[in-house]
Every structure is written in C-alpha cells, then in structure tokens.
Amino acid sequence: MTHILVLLILASIVQEPQPSSAPPRVLSAAEFSTGAKADKRGTLNALASHQLHAPPEEVAFLVEAGLLDADADIRSAAIYAAAGRAAGARFALDQRFVDRWKVERPVFVRVRPLVLKTLADPSPRVRQGAIIALVNMDYEHTGKSERIRLANDTVAALVERLNHEAEVSVRIELAKTLSLCQPDPRSRDRLVALLEEPLVDVVKYAVMGLATNGSPEVLPRIVELLKHRDRGIRLQAAQALAKYGTASIPYLSQMEEALVSEADTVVRQTIYGSITAIRNASSAGK
Amino acid sequence: MLNRWAMRRFLVILISFVCPSVATAQSGNSALSALADPGEGETLKFPYSCQAQTFAPEWYCYSVNLQIIADGNFGNGTYHWGCGDMTFSIGHQVPAQPWDQTVSCILETPWGQTSDGLVQPGSGPNVANLKISAFIRYNWIGHPFDPFRIFGGDDRSFQAYGGTSRAETIYDILNPAVNTQNHVAPASHGTGLAQMYETGSSLDGGAGTGNLRYEAINDWQTGPPLKVAWEFGSTSGMNCGSILRHGNSLPFATNSVHCVAAVTNPLVEGSPPIDWRITFTMKWGDRKVEIRANGCRDGYPSYESYVNGQAIFNYVDNGSVASLFGDCLVTVDETKEISG
C-alpha cells in the first residue's frame, strides 16, 4: 500500500504541467543584436512600460539597436520604448519617473535624430510611434498643466511629413499632434490647409487646432462644417464656434439651423451648448 | 454502419446505410471540391451512401425505389426494375445545417417500405456575433499628467451587450459549413466619446473623490467648469482582415479572422494607443463552434470578447495609461466552445 502511495505521488510530480512557452528573457545591451525576436520585443516592452531599469546609456543603446533592427515589429517596440521612457515623466504622475527621465534625457538626446529619421520608416505603425515619441521627448516637466511646446525641428519634421504621408492613421496622428500641441505659425498654416482634407479625422483635428489658435478668418468654413456628414467633425465645429466666443455671433442663425436639422443627440446637445455659451458671452460683453 | 433486416412474405430486404463519420467520410470530403457551390467558399456536405438488397424468386419481376431523404426533403432517389434477387446502391451529399437533421434511406417495394435513418448533428450556430472591446471600468480616471483635469470612464463591469467602450469591434461572421458568404456585413468599429472634465467642479465628493456629478455629465458647453472638451476617437487604426476559410474536415469547417485596434485618446497629444492584435480561429461543427483567440493586447484598460453573448475572454486592467506604451505586450491565448 505504501509503495502504491509513493508511486502515485511520484507520478503526480512527473505529470506536473510545464509552461508551454517561457516568458521573454530580458536582454543586456551586449546580447541584444543576437537575441531572439521575442526576447528583443520583451526587453523593449519592459523598457516602454518602466518594468526594466537600466543605466541611461544602456537604455539608449537598446532603443537605438531596436530602431535599427530589420524587423518592423522590433522597430515598433523600440519606438514605443523611446516614447514610454520619455512619457514616464508625463503620464505616470510619479516623482520617481520624473527623476529617472531627468537622468535619461541628456543621454536620449543622441537617440533623437534617429527618432526623427524614423518618421520615414516603411512601417506605418513605426511612423505613428515616432510622432508619439517625439511629442513626449519634447515635453518639459514644469509641473504646470500646459500643452506641449514642440521643438523647432520637430514641427518642421512633422509638417514636412504631412506633405508625403499617405497612411491614414499616421496622417491623423500628425494632424492631432499639430492641433493639440502649443500653437506654432508653421503648424497653423498647415491646419488651415487640412480643413479641406478628405480624411474626416484630419479635418476634425484641424478644426480643433484652429479654434485653439484663435484664427477667426476660418470661421465661415467652420460653420459650414456643421453640415458635414461626419458627426465627429460637426461635434468639433460646434465646440470650436463656442471657443471663438463673440466672434461667432454672426453665425448664430446658421448654428440654429444646424441645431434643428441635427439628428445625433451628442452633436445636438453640443450645438445647443455652444449657442448658449456664445449668447452668454455676448450678454456679458466678452 | 446500420444494418436492418426486413422480411415480408418470401422477400428479404437488406439496407446498409453508411453515415459520414466512418471511413467513407474521407472520400466524401475529397469529392467536395467538385460539388462545391459557387460563391465565396465551399459549404460543408456530408456524404451518405445506402445499399439495399432484395431477394425474390427468379420468375418474380418487380420495381423498387431507393431514396435518401434529409429532414423530410427528398435528396436523391433511383428506380430499379428487375427479376429475382437485386442489389442497389445510392449516394447523396447532404448539406450541413445549423440544426440537427434526420437523414433516412427509404426502400419502397411492391410489398412495402422499409427504412433506416440517423441524426446528423447541426454544424453549430449560423452566425457568430463577435465582439471585442476595451473599456475603463471606473466612473472616471485621472488625466495622465494634469491634476486639474479628469476623464470620464465607462463605469461598468464586463458585459456582453450594452455599455460604452473606448474601442469596440463587432463582426457577424457566418458559419462556413452552411454559408458560401463569409459575413453578414463588414465589421463595424466604434470608439466611445472621450470626455475631459475639470477636476474641481465635476466630482460629487470634492477634492478628487466621488463620482462625476450629473451636471458635469450633462454639461455640453465647452471649457470649464464641469465638462471641458469631448470628442470621439479615430477608428482608423481598427480593422479586421478578410475572413479566411481553411476548408472542411468532416464534421467540421474552419475559418479565421485577424482583428487589430490602435486607438488613442483624441484629446491628449502624444497619448499611447490602446492595442489589440488578435486572430480568432473558429472550428464549426458537432452542434458548436470552438473559438481560439490568439494574439496580444495591452495591459490597460480592461479587455473583453464575446461570441453570441458568451465570453471568450475577460481581462481586468493591470497597469495604468503609462503601460500602454508597451507594444501590445500581453499575450492572448484563449479557447472556448460556444454551443449552437
């Protein structure tokens, strides 16, 4: 009986299920170039999500090596690692991340030209990641809540990229970045041109950006967009008109017409809210 | 194989009815390509054969009718005329159906009728209503870097139907065993309304606590106080590729689709995308569909997937917005059976 029990216990040990695949191994800078794809991605993902801590030189080296990899999946992981390291100070709301980026940032300066170059990567996913990385790398941690002021070469590179970019998702990311970051004369001109784009998300961000820039000469075009077939554009046009305040008073009748014909609940409420806000601004003499 | 003996007067009838789960299934399957319906793909057909023998004196001449009937509908039949003992056979391919079918072989003779039959199990549901979504389970979350702003969440738990999401794909995929077409309509992709609020005026608990106030949720005047800005995220990074048919292997038909999402917060510059890149492989047959979801997702927010209202996966968020910078870093590998 004892023998049977021992055999049963042994059998249960032998039959213990083994993990089907090992988790990715974190690679050192020396190992990276010869590492397996899964390990490369795992290492870069760990960097991106701040689960891996390494000296700044090694972090920069790993990101550089990843960006130069022939495999688009690795380059994608590398560009998001660059974005994630830079964004730690901005998104994590944790002083340790802020302190870490202060140390890493001077070293990361050398990676920046490569990130700018990555805006022309063959993979759309990598190009989109490059925009996100550049925005976060330009972030200055001042402790104040304000829009990111893009570096001069970033604005130039993004505006230039818009001239060539055909991929929808990347084009939208470019428009979003130029729209939401601090106003720049070069991006403002580009946003005016983007109002005539066929891509609805690009037009939406152009409207959003121009309202922040305060460019009243585009108001007639923005009022027209209240009739656009895309609800996101109508939603943004209505909010933009409210942001222009009393400058939008001449367009109140067109807004009321749009309110009557609007079928979408959120857009209708937004147009109504904007009309109310403009009237309030008018009576307050703003 | 089912054998039936029947004896009427001096005659003996033997019917041998072969169901497709035995060896003949393979030959039947290989014949499918020649018999496939035109359209986007081949449906599944179950090959049946039926043999019968009658025994009679040599001087006795008579006619018989041998036929295969599926679900009461005539499939194939042949008349035979002869004298004495006779042997006949018949074959027919019965198209798969989402429901169970009764398949019968019937022999009609001058001295009566005899039959044999079996039940062919349904090939799973006619359609798989696939849903994939990512949602923020909280009433609100902090703005990633601005303490004076917060974002509205979806304020819900896992649910197959209803509720808002940050990103959602719905795709009605047709059972390839019974349909030549691949889908009911193209996949639909949607994003929830991103809503940014002023922290101080929008929460009922004050000082960053409590839930969003009714007045804040229903404030549609842009700028502070209360709701500050709102917009739908772009669906340009969401798509499902073509549905691939991987052929039939009785009693199953298999297809797959690869769906991806990369959706960023439309109100925050440089925000990382919510990602998923998942292949759904569906094996239909034997009254069910077996679904394998294989790919990757981010660790944040919560992710869920359902087929016909039954969960394929439910993943609670594990991390924060910052963890979205990892490039689709969490593996997805789940297999579930959904009954038809």
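B:Ala253 stands opposite B:Trp284 of strand β19 in chain B. The structure is a predicted model, in which local features need pLDDT of at least 70 and side-chain atom pairs count only at pLDDT 80 or more, whereas totals for chains, interfaces and linings use all residues. Residues are numbered from 1 along each chain as its sequence is written, chains are lettered from A and ligands numbered from 1 in the order in which they are written, and side-chain values use heavy atoms, with hydrogens and water left out.

Strand β19(B) spans residues 274–285; strands (E, at least two residues) and helices (H or I, at least four) are DSSP runs numbered from the N terminus. Strand β18(B), residues 252–263, pairs with β19(B) in the antiparallel sense over 11 bridges, pairing being defined by at least two DSSP bridges between two strands. β19(B) is also joined to β20(B), residues 288–297, by 10 bridges, and these two strands run antiparallel. B:Lys288 in β20(B) is the bridge partner of B:Gly285. Two residues lie between the strands of this hairpin, where B:Asp286 takes a positive phi near 55 degrees. Nine of the 12 residues of β19(B) are buried, so the strand is largely enclosed by the rest of the structure; buried means under 20% relative accessible area (1.4 Å probe, protein chains only).

In chain A, helix α4 (residues 56–67) passes helix α6 (residues 95–108) in a right-handed crossing. Contact (heavy atoms within 4.5 Å) is made by residues including A:Pro56 and A:Val63 of α4(A) and A:Val103 and A:Phe108 of α6(A).

Key:
Axes fitted to C-alpha atoms, helices over the stretch in contact; angles between N-to-C directions. Left-handed = near helix turned anticlockwise from the far one by under 90°. Buried < 20%, exposed > 50% of the residue type's maximum accessible area, 1.4 Å probe, protein only.
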